[in-house]
Amino acid sequence: MSYQVLARKWRPRAFDDIVGQQHVVRALSNALDRDQLHHAYLFTGTRGVGKTTLARILSKALNCEQGVSSRPCGVCSACQEIDGGRFVDLLEVDAASRTKVDQTRELLDNVPYAPARARFKVYLIDEVHMFSSHSFNALLKTLEEPPPHVKFLLATTDPQKIPVTVLSRCLQFNLRRLLPGEIRDRLEVVLKAEGVDFDAGGLPLLARAADGSMRDALSLLDQAIAFSGGRVAEDEVRAMLGTVSGDLALNILDALAASDGGRILEEVERVAALTPDFPELLRELIALMHRLALIQQVPAILASDDPDHGRLAALAAAMQPEDLQLYYQVALTGQADLPLAPDPRAGFEMVLLRALAFRPAAVPPGKATAAVSPGAAAGSPGPSGQVASMAERRSAGGGVQRPAPGGSVTPVRPLESAAPHAPEAKAPVPAARMAPSPAMLDAAGWQQLMARLPLGGIASQLAHNCGFLELAGGKLMLTLDPAAQHLRVPSAESRLESALAEALGVAVKLEIQVARPREETLAQRRAREAGERQDAAVQALESDPVAQALRDDFEAEWVPGSMRPAD
Amino acid sequence: MQVRFNQLSGHLKSGVAPLYLLCGDEPFQFGEAARLIREKGKREGFDEREVLDAEANFDWGLLTAAAESMSLFSERKLIELRIGNGKIGKEGSEAICEYCERPCSDNLLMILAPGLERKDLTTKWAKRVEAVGALLQVWPLRERELTAWLDQRLKAAGFAPESGVAAMLAERAEGNLLAGVQEVEKLRLLHEPGPLRLDDLLGNLADSARFDLFALTDAAVCGDRARAHRVLSVLRGEGTADVLVLWVLAREIRMLADAAGAAARRASLSQVFASHRVPKMRQQGIETALRRLPLSTLRRLLQQCAEVDLTIKGLSRQDPWHQLAVIADCLCTGAPPPPARRGAAAG
């Protein structure tokens with residue numbers, strides 16, 4: 001017997017054999033068993049999901065000599081002839097090649113006549129969306145008043161193109177695309193029945209390449225068996241399918257994970273030979289990294305039957321989450337730049353190299369310690385301080401940190417080695433930031449202190465208008481500007497006293513004399529500075545050439561009091 | 001005379017008018033009305049049926065010829081005149097007016113003109129038809145009418161629907177009567193007549209892709225990241241349109257945002273649930289979800305939905321499925337979504 005391709009040999013012949021369309025099969029089986037038959041059915045779905053197959057089985061079920069049921073016997077002459085495609089009362093029409101209305105009329109002219117042998121005359125119209133509008137009108141006329149002995153089974157990949165008047169006369173079933181898992185299981189059944197040797201790893205690849213279509217899957221299986229010489233081996237399948245784009249992205253990510261610039265460029269070189277759509281490839285890379293990040297957090301997301309299970313799991317384990325985040329961010333931002341690059345490949349390469357460049361370089365732990373220690377020993381807030389603070393920020397935020405500009409600092413990668421040194425490096429704090437000791441307090445120190453005291457309202461005004469006299473024996477002598485005498489309120493004084501006690505760390509007793517302060521008070525200084533700024537502003541405006549020209553040409557004048565310093 | 005769709009059965013009991021003009025934009029009622037008239041005509045002895053398709057360059061002489069030629073096989077004849085685009089021109093107008101002058105009792109004329117506009121109904125020929133025969137206009141049903149209608153339809157199919165079943169069906173049919181009827185037909189095939197529970201509907205709404213669409217929001221609201229991701233990949237694998245996935249996510253987020261807003265105002269959630277028709281059994285889960293989803297996050301997610309919409313419409317070169325996955329994941333975790341990338345949208 002001549003060889004029959006698997007897709008035809010393994011075309012389902014009973015409802016039970018159909019994979020993945022349980023919702024339709026159940027509804028149809030019930031319709032047959034309960035005698036709730038519609039006169040027209042419309043099956044929609046992409047190629048190779050079982051539209052025509054389902055229609056054939058349905059016509060068998062309708063015409064089986066054992067009676068109408070959901071289980072056609074498969075052995076009577078009607079069933080046999082339908083399987084063989086030579087049953088007189090099953091009229092299979094390919095609408096794509098018979099779009100003209102005359103051909104449709106010719107076909108439908110026979111509708112009134114009773115079936116030759118069977119119970120029902122079944123019209124199976126494939127690709128029905130290819131009908132012209134006249135053809136649809138002719139069909140509609142019949143559909144609106146169908147004789148009881150006629151059943152219409154319409155199949156199409158594109159239900160949108162069918163007029164709503166026709167749609168409303170049919171019971172519509174949407175066949176879904178098959179999931180890779182379903183296809184793989186079916187392929188396994190077929191291979192076992194055929195007695196063909198196979199690797200478990202090869203089938204998911206075929207299932208994925210079939211892209212939801214069982215017919216494509218079986219055709220690919222045929223090819224794979226021929227390609228590998230009578231068996232299905234994973235490597236051979238890979239070679240046959242060629243490197244699919246998913247693999248390319250994985251290869252690149254592998255190289256990125258190894259932070260091997262040479263390998264990245266090699267991979268890009270290999271990709272470029274396939275003249276891919278680089279923006280698309282970048283999107284794929286981004287989606288892949290998103291998936292990896294999810295897998296790192298929720299391992300259950302990685303399905304065990306994923307064709308790339310092993311590689312994804314390995315990558316998720318090998319990559320640092322923060323590196324992954326960095327690469328993702330760089331790639332995401334790179335998307336916007338890609339159209340600006342002189343050619344897409346250069347842009348793509350730059351995105352990948354940028355990801356590597358921004359990745360903090362790995363420094364051996366010993367060296368990292370060395371980099372920190374000298375600074376810490378010297379006690380100065382030098383580079384070591386920066387290193388430590390970077391390490392701190394990294395460990396605190398856990399996020400991505402771009403290296404500090406300037407390049408004097410080697411970013412430290414192993415956080416663990418840097419972190420213990422952080423407190424050491426933090427210890428020396430600039431003297432200016434230190435709390436002033438009471439002994440060091442002088443007139444200038446007093447003003448600095450006043451500016452920082454957490455005071456408000458009258459107490460703050462009071463402090464600002466006091467000049468420092470002396471501090472001795474827990475007594476703080478201050479002079480208050482006579483002009484600001486009204487600020488001397490007991491409550492304000494006590495608030496100032498307690499604020500000072502907190503700032504200085506020792507209790508002080510305030511003694512305020514009303515006298516002209518020897519040195520200018522903070523309030524006076526601020527007033528003076530404000531005046532100076534005002535003078536400078538007036539000066540600047542007066543000498544401004546544009547203002548000058550305006551005044552000369554238009555006799556413009558300043559609105560009195562409108563000039564203010566810009567701060 | 002004017003006849004409404006729901007009056008048609010009653011009208012036909014008292015006999016047929018010599019001609020009918022059917023118009024309106026709702027295909028299911030339109031088809032049903034035509035079917036009822038056709039069946040009634042058959043019972044009245046209009047056995048022969050002649051269909052004329054009045055498209056561009058239609059020879060209007062055919063109408064006159066059809067009206068004046070005697071039927072060969074039966075005494076009375078039904079003439080169906082289909083006007084595809086609603087434009088019949090001067091000739092057509094004259095031909096119809098002429099027919100109206102001398103309607104023959106052996107002929108029943110049914111004019112099917114779904115695309116007729118309001119101003120076409122004021123034309124001379126339409127007025128003539130209305131005077132001699134009957135005008136039947138069909139309108140899309142409003143939400144509440146649709147629910148009542150589906151409920152009736154379910155009962156006619158032998159079901160005793162639980163409260164909420166018809167509403168759920170109406171919601172998922174999205175106002176499409178035809179889709180609703182098809183669902184009822186499929187339910188009739190999948191279930192025995194008798195009580196119909198909400199669960200039957202949820203598990204078996206015959207189009208299983210639709211079912212999974214709602215499984216996505218269920219998983220997202222429950223915070224089950226692995227399941228949400230799985231559902232999304234199944235949807236993608238089955239070839240579900242990305243707009244549908246976006247629609248169901250955006251609808252859910254809008255509802256959540258409304259609920260979060262109400263919670264922030266310390267208003268009662270039941271009103272929000274009522275206005276969004278959230279079934280009782282989902283409400284508890286949503287209240288739990290609101291604890292991890294602040295209003296600001298939900299607003300950001302809505303903006304993300306707008307971005308995905310742009311992508312799907314081709315205005316941004318990103319992968320819509322990836323963006324959808326990010327949104328679903330944010331719903332699960334309550335983490336704020338990454339900032340919108342205007343720059344990428346321009347690319």
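**View 1. Chain A as a whole.** Chain A exposes about 27900 Å², and carbon and sulfur atoms supply 53% of that area. Areas come from the Shrake-Rupley method with a 1.4 Å probe; for residues, only the protein chains shown count as cover. The model is predicted: local features need pLDDT of at least 70, side-chain atom pairs count only at pLDDT 80 or more, and totals for chains, interfaces and linings use all residues. Residues are numbered from 1 along each chain as its sequence is written, chains are lettered from A and ligands numbered from 1 in the order in which they are written, and side-chain values use heavy atoms, with hydrogens and water left out.

The secondary structure of chain A comes to 26 helices and 10 strands. Helices (H or I, at least four residues) and strands (E, at least two) are DSSP runs, numbered from the N terminus. Of the 567 residues of chain A, 44% count as buried. Buried means under 20% relative accessible area, exposed over 50%, and partly exposed in between (1.4 Å probe, protein chains only). Among contacts in chain A between residues at least 6 apart in sequence, 72% join residues at least 24 apart. A contact means heavy atoms within 4.5 Å.

**View 2. Aromatic pairs.** Rings of Phe, Tyr and Trp (its six-membered ring) pair if their centres lie within 6.5 Å; planes under 30 degrees apart count as stacked, over 60 as edge-to-face and the rest as tilted. The count by this rule is seven aromatic pairs over all chains. A:F43 and A:F173 are stacked, because their ring centres are 6.2 Å apart and their planes stand at 20°. A:F43 lies in strand β1 (residues 40-44) of chain A and A:F173 in strand β5 (residues 171-174) of chain A, so the pair ties together parts 130 residues apart in sequence. A:F43 is buried at 0% relative accessibility. A:F173 is buried too, at 1%.

In chain B, the rings of B:F28 and B:W149 have centres 5.4 Å apart and planes at 75°, so this pair is edge-to-face. B:F28 sits in helix α2 (residues 27-43) of chain B and B:W149 in helix α6 (residues 143-156) of chain B, 121 residues apart. Both B:F28 and B:W149 are buried. Back in chain A, A:Y41, A:F43 and A:F173 form one aromatic cluster.

**View 3. Nonpolar cores.** A nonpolar core is a set of buried Ala, Val, Leu, Ile, Met, Phe, Trp, Tyr and Cys residues joined through side-chain atoms within 4.5 Å. The largest one has 86 residues; A:L285, A:F348, B:V245, B:L298 and B:L331 touch the most other members. Helix α12 (residues 242-264) of chain B gives the largest share of this core, 12 residues. Apart from this core lies another of 42 residues, among them A:A138, B:V165, B:V184 and B:L196. Leaving out residues up to four places away in sequence, B:L331 touches B:A220, B:L249, B:I253, B:L256, B:R292, B:L293, B:L298 and B:L301.

**View 4. The open sheet of chain B.** Six strands form an open sheet in the order β1-β6-β2-β5-β4-β3 (chain B), with parallel pairing. Strands β1 (2-3) and β3 (48-54) of chain B stand at the edges with a single partner strand each, so one side of each has no neighbour in the sheet. Two strands pair if DSSP finds at least two bridges between them. Strand β2 (residues 19-24) and strand β6 (residues 134-138) of chain B pair in the parallel sense over five bridges. B:Y20 has B:A134 in β6(B) as its bridge partner.

**View 5. A buried helix face in chain A.** Within helix α22 (residues 443-452) of chain A, the residues A:A443, A:G445, A:W446, A:Q447, A:L449 and A:M450 are buried. The buried residues of α22(A) pack against α23 (457-464), β8 (466-472), β9 (475-480), α24 (490-504) and α25 (522-542) of chain A.

**View 6. Two single residues.** A:N251 belongs to helix α12 (residues 245-257) of chain A. A:N251 is buried at 17% relative accessibility. Not counting residues up to four places away in sequence, A:N251 touches A:R263, A:E267 and A:R311.

B:R128 lies in helix α5 (residues 124-132) of chain B. B:R128 is partly exposed, with a relative accessible area of 27%. The C-alpha atoms of B:R128 and B:C100 are separated by 6.7 Å, though the two residues are 28 apart along the chain. B:R128 touches B:C97, B:C100 and B:E101, again leaving out residues up to four places away in sequence.
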